[in-house]
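Dear colleague,

My notes on what was found in it follow directly after.

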Amino acid sequence: PEAGAALRHMVESNPSPSSFAEAVKTYRILKDDGGAEKLLRFALSKYPTSAELKALTTSSGLTTRPAR
């Protein structure tokens, strides 16, 4: 829970593709694949042309569908 709050603060205070990418990577390190996928989908809906975020989809097998 604390990690999630810290990551949420990070992306809210500096909303950029890089911030979202780092948060996704951190979720993966913490073995929270569901959190990583949910955040990545959301980030891609905000920044659909981000090469940095798209690169994370290929490493996870995630398709580039927008968040619901």
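Predicted model: local features only at pLDDT ≥ 70, side-chain atom pairs only at ≥ 80, totals over all residues.

Arg41 and Glu37 are separated by about one helical turn, because they stand four residues apart in helix 3. These two residues form a salt bridge in which the closest N and O atoms are 2.9 Å apart.

Of its 68 residues, 32% count as buried, and the accessible surface comes to about 4400 Å², 56% of which belongs to carbon and sulfur atoms. Among the contacts with a separation of 6 or more, 38% are made by residues 24 or more positions apart.

On confidence, the average pLDDT of the protein is 88, and 84% of the residues score at least 70. Helix 2 has the highest confidence, at a mean of 96, while helix 4 has the lowest, at 87.

The largest nonpolar core here has 14 residues, of which Phe20, Val24, Leu39, Leu40, Leu53 and Leu56 touch the most other members. Two or more residues of this core come from each of helix 1 (2-13), helix 2 (17-29), helix 3 (33-46) and helix 4.

Leu56 has its place in helix 4 (residues 51-60), and it counts as buried because its relative accessible area is 8%, under the 20% cut-off. Leaving aside neighbours within four places in sequence, Leu56 is in contact with Ala21, Val24, Lys25, Arg28 and Leu40; among these, Val24 lies 32 residues away in sequence, with a C-alpha to C-alpha distance of 8.2 Å. Leu39, for its part, touches Phe20, Ala23, Val24 and Tyr27, when residues up to four places away in sequence are not counted.

The structure also holds two aromatic pairs. In one of them, the rings of Phe20 and Phe42 have centres 5.9 Å apart and planes at 55 degrees, so the pair is tilted. Phe20 lies in helix 2 and Phe42 in helix 3, and the pair therefore ties together parts that are 22 residues apart in sequence. Phe20 is buried, at 3% relative accessibility, whereas Phe42 is partly exposed, with a relative accessible area of 39%. The other pair, between Phe20 and Tyr47, is tilted too, at 6.0 Å centre to centre and with 55 degrees between the planes. This pair links distant parts of the chain, given that Phe20 is in helix 2 and Tyr47 is in the loop between helix 3 and helix 4, 27 residues apart. Through these ring pairs, Phe20, Phe42 and Tyr47 are linked into a cluster.

Finally, one backbone detail may interest you when you look at the loops. Lys31, although it is not a glycine, has a positive phi of about 65 degrees. Lys31 is found in the loop between helix 2 and helix 3, and at 71% relative accessibility it counts as exposed, because this value is over the 50% cut-off.

With kind regards

Key:
Residues numbered from 1 in each chain as written. Heavy atoms only, no water. Buried < 20%, exposed > 50% of the residue type's maximum accessible area, 1.4 Å probe, protein only. Contact = heavy atoms within 4.5 Å. Areas by Shrake-Rupley, 256 points an atom, 1.4 Å probe, with all protein chains shown as cover. Core = buried A, V, L, I, M, F, W, Y, C linked by side-chain atoms within 4.5 Å. pLDDT = per-residue confidence, 0-100. Phe/Tyr/Trp six-rings, centres within 6.5 Å; stacked < 30°, edge-to-face > 60°. Salt bridge = Lys/Arg side-chain N within 4 Å of Asp/Glu carboxyl O.
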